[in-house]
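Student: I am new to this structure and would like to go through its cavities and a few of its residues. Could we start with the terms?

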Amino acid sequence: MASRSKIAVTLLGLYFGILCSSSYAADTKVKYSADTVTRVKEKIVLKGNVKITVDEVDITGEEIDLDATEKIVSTDKPFKIHTLKEGKNTEINGKSFIFNIDTKRLVTKFASLETDADSPGQKVYISGEEITLFNKGERVSVINGDFTTCEYIEQGKTPHYSLKATKMDFIPNDRLIAWNTSIYTGGNKVFWYPLWYIPLKSNGIQSLGADIGKNETEGTFINFRGDYTWNDYHDGNWFARVMEKKYLGLGFDHTWLALPTSQSYLFAYGNPVNQRYLAETNADNKKNINPFFEDKQIYLEHKQWLPFLPYAETKFTTDYKDFYNVGSLSTNVRENYNRYDLDFADSEIYQPFRDTVLKFNPRFNANYEKNRTSVLNQQALIVPTQVNNALTLTSNNTFKINEDINFGLSSTLRNTIGQTLFNP
């Protein structure tokens, strides 16, 4: 066998020959080294400690073929590929690959990919039967693959969460689209979606966040959250909750700034598909179950400022909730209420004398609550067990004379009516 120094000289000559060949683009740089080199016409077989560099792509393995005519680098042996693009590292390990030097397209079989995410210190982990990279990783296509950002993968542990899909289309720091997708938490499948979209952009729909937990009612769950901005007056957040027992929760909040006259906030969340309806096998009981949005909450808050009362603020809120109680040990207990609140306050509504600082600052609040306790009976009906109505009126008025004298008057009226409808 030729010495390594002689092989290096031979490879150097081959390198310049390839660069000068008309079969390669003028701006493509190909370098390689190996323990042994076999060349038949335009085909080169590299064996032992093989390293090939094509522009910024480094390929290493024990045996790699290079076809100068077809401009193809390939192998059916284990390999490792590393590329650096715009400061982001990408590393691929697999059993075989075909790399087209001209198009910069890399097709791998039974491979895993690890690439830097946009968030500092975070990585994206992808594996699949076939992974295709376009233009050094600008776009990644995956067939029968897995996706996660959990670092447990590096430790050989089961990731906190992951998704498996028949096909994935991934653009780093932009978005992930997955078809025929199953969501896993702690290695357990919790839900299936025909299409799953994760936005990863730094503008428009922004900052995907995810956290994982578990409770008795919902089982293992994953929360996803992102934010959006329409213009200077409208923005908000979207929410998605994937649950082992309750399947899916969707919601959003939205803020509308109509300054200087008003500000509004809306929150809505619910489970679009009722797990009880799908799980019920008794046809008669199934008629008693609402299949859609049985669990829901809507909250509205509106603040209004009046031009003729520049120091006054009127605030109205309403909150409606009809949901299973996550904090209860019993999965049949529900949380159900209506709440209305009206608040008016003015820091300087009346000043009758210019020479004397006499200020009257009124505040008035009206609050009404209707709380219902309910359970599920044997016929799958939601049955209220107790209803409480409470009306509270509060008045708090302060007077100020000059800077030294302050006094106030306050009063509260509360009326509560409770009624027990049914003792389970």
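Tutor: On a 1 Å grid over the protein atoms alone, a cavity is a set of points where a 1.4 Å probe fits but cannot get out, and its lining residues have an atom within 4 Å of a point. This is a predicted model, in which local features need pLDDT of at least 70, side-chain atom pairs count only at pLDDT 80 or more, and totals for chains, interfaces and linings use all residues. Residues are numbered from 1 along each chain as its sequence is written, and side-chain values use heavy atoms, with hydrogens and water left out.

Student: Which residues line the second largest cavity?

Tutor: A volume is the space filled by probe spheres set on the grid points, which are joined across faces, edges and corners. The second largest cavity has a volume of about 30 Å³. Its lining consists of Thr90, Leu113, Thr115, Leu133, Gly137, Val140, Phe170 and Pro172.

Student: How many residues of that second largest cavity's lining are nonpolar, polar and charged?

Tutor: Ala, Val, Leu, Ile, Met, Phe, Trp, Tyr, Cys and Pro count as nonpolar, Asp, Glu, Lys and Arg as charged, and the others, Gly among them, as polar. On that basis the lining of the second largest cavity has five nonpolar, three polar and no charged residues.

Student: What is the volume of the largest cavity?

Tutor: The lining of the largest cavity includes Leu133, Lys104 and Lys136. By class, this lining has six nonpolar, one polar and two charged residues. The volume of the largest cavity is about 70 Å³.

Student: Is Phe110 buried or exposed?

Tutor: Phe110 is in strand E9 (residues 105-116); strands (E, at least two residues) are DSSP runs, numbered from the N terminus. Buried means under 20% relative accessible area, exposed over 50%, and partly exposed in between, with a 1.4 Å probe and protein chains only. Because its relative accessibility is 52%, Phe110 counts as exposed.

Student: What is the phi of Asn49?

Tutor: Most residues other than glycine have a negative phi. Asn49, in strand E3 (residues 43-54), is not a glycine, yet its phi is positive, at about 50°.

Student: With which side chain does the side chain of His234 make a polar contact?

Tutor: His234 counts as buried because its relative accessibility is 19%. A polar contact is a pair of N or O atoms within 3.5 Å; within protein, one must be able to donate a hydrogen and the other to accept it, and residues adjacent in sequence count only if both atoms are side-chain atoms. At 3.5 Å, the partner of the His234 side chain is the side chain of Trp256.

Technical notes
1 Å grid on protein atoms, 1.4 Å probe; cavity = no way out; pocket = protein on both sides within 12 Å on 5 of 7 lines; lining within 4 Å. Helix = DSSP H or I, 4+ residues; strand = E, 2+ residues; numbered from the N terminus.
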